[in-house]
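Here is a short briefing on one protein model.

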Amino acid sequence: MDLWNQPIKPMLAFSSDPFNSEEWIFEIKYDGTRAITYIDKENKSVRMLNRRLIWFESRYPEFKDLWKNVQASRVILDGEVVVFDNGKPNFYKLEEREHVADKFRIELLSKLMPATYVIFDILYLDGKNLTELELMKRKEILNSVIKESNHLLIADWIEENGKEFFEAVKSKGLEGIMAKKKNSRYEIGKRSKNWLKIKVNETQDAIVVGYTTGKGRREEFGSLILAAYDNGELRYIGKVGTGFSEKTISQLKTILKKLETEKCPLPKEPKIDLPSGRKIVWVKPKIVCEVKFMSWTEEKQMRAPVFVRIRNDKPMEECVLS
């Protein structure tokens with residue numbers, strides 16, 4: 001299979017609790033935008049593809065010279081675009097970068113909030129498909145081909161001690177860790193149990209299917225009504241009304257107004273209890289957001305959900321109950 005001439009969907013992970021194992025390595029889970037990156041050194045070309053198969057390298061002019069860091073003609077890399085703030089990923093700044101289209105502002109933010117591409121895998125090297133190689137062999141090739149710079153880092157890892165590593169990452173206020181089986185192949189576009197994500201907080205990617213009105217300053221917008229796929233069917237998983245900035249509320253109101261529909265987009269309309277005077281407005285399922293929460297109820301709804309961010313980089317079909 002010629003990987004170079006086709007868009008590649010990344011390998012995805014299942015959720016897990018922390019564990020120790022000699023057969024696994026453990027990496028920091030970076031809070032950013034996943035990017036499959038195609039670098040053609042001969043043509044000085046850098047193209048970046050997100051999980052929705054949209055090319056987005058134009059938003060990050062600081063990456064245009066990454067070809068200088070590659071000791072090969074053509075490579076395909078997998079990694080995360082991250083905006084660091086005092087050594088920690090800042091997804092609020094990343095979100096600002098993601099929503100800018102004006103060329104002048106893109107250039108300005110690339111200097112004020114520079115991004116880093118953190119690479120953790122290599123899929124292709126000078127005509128060779130590397131996805132059938134074991135992970136540790138791919139890591140070895142990656143380190144021999146890539147030279148780090150201000151905008152390019154290779155993800156570090158540790159072996160065996162996943163529990164201790166998770167606690168260390170948690171103490172630093174980071175999102176969590178990734179566990180990867182040493183002998184795993186790269187499974188394009190698949191969610192695999194050979195890769196596991198271990199997060200400090202439970203999170204869920206959800207599809208916005210409606211919103212409620214509120215009161216006071218938020219009379220026009222109270223909370224988002226959310227859904228996710230469960231055994232292939234879209235089902236209600238709760239509503240979220242906290243965690244929004246004023247800027248996000250303004251953005252959401254503009255987007256949601258354009259998506260309003262009279263019919264509930266779910267197969268079965270859920271029973272949602274609302275305070276007196278508030279109402280439900282259904283919308284076409286187009287927006288994906290990330291929510292953190294305490295736990296699941298028996299009815300498969302989120303306890304104490306808090307809005308984290310809009311995820312323009314994730315397709316709806318990936319919003320599956322975790």
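Buried means under 20% relative accessible area, exposed means over 50%, and partly exposed lies in between (1.4 Å probe, protein chains only). This is a predicted model: local features need pLDDT of at least 70, side-chain atom pairs count only at pLDDT 80 or more, and totals for chains, interfaces and linings use all residues. Residues are numbered from 1 along each chain as its sequence is written, and side-chain values use heavy atoms, leaving out hydrogens and water.

**Negative patch**

- Glu22, Glu23, Glu160, Glu164 and Glu167 form a patch of negative charge on the surface.
- Strand E2 (21–28) and helix H4 (162–171) are the elements that each give two or more residues to this patch.
- Patch residues have over 30% relative accessible area and no salt bridge, and like charges are joined within 9 Å.
- A salt bridge puts a side-chain nitrogen of Lys or Arg within 4 Å of a carboxyl oxygen of Asp or Glu.
- Glu22 sits in strand E2.
- Glu22 is exposed, at 58% relative accessible area.
- Helices (H or I, at least four residues) and strands (E, at least two) are DSSP runs, numbered from the N terminus.

**Positive phi**

- Most residues other than glycine have a negative phi.
- Leu53 is not a glycine, yet its phi is positive, near 60°.
- Leu53 lies in the loop between strand E4 (45–49) and strand E5 (74–82), and is partly exposed at 32% relative accessible area.
- Asn86 also has a positive phi, about 55°, without being a glycine.
- Asn86 lies in the loop between strand E6 (84–85) and strand E7 (88–89).
- Asn86 is exposed, with a relative accessible area of 77%.

Key: Patches are made of residues with over 30% relative accessible area and no salt bridge: like charges are joined within 9 Å, nonpolar side chains (Val, Leu, Ile, Met, Phe, Trp, Tyr) within 5 Å. Accessible areas come from the Shrake-Rupley method with a 1.4 Å probe; for residues, only the protein chains shown count as cover. Lys and Arg count as positive and Asp and Glu as negative; His and the chain ends are not counted. The place of a charge is taken as NZ of Lys, CZ of Arg, CG of Asp or CD of Glu.
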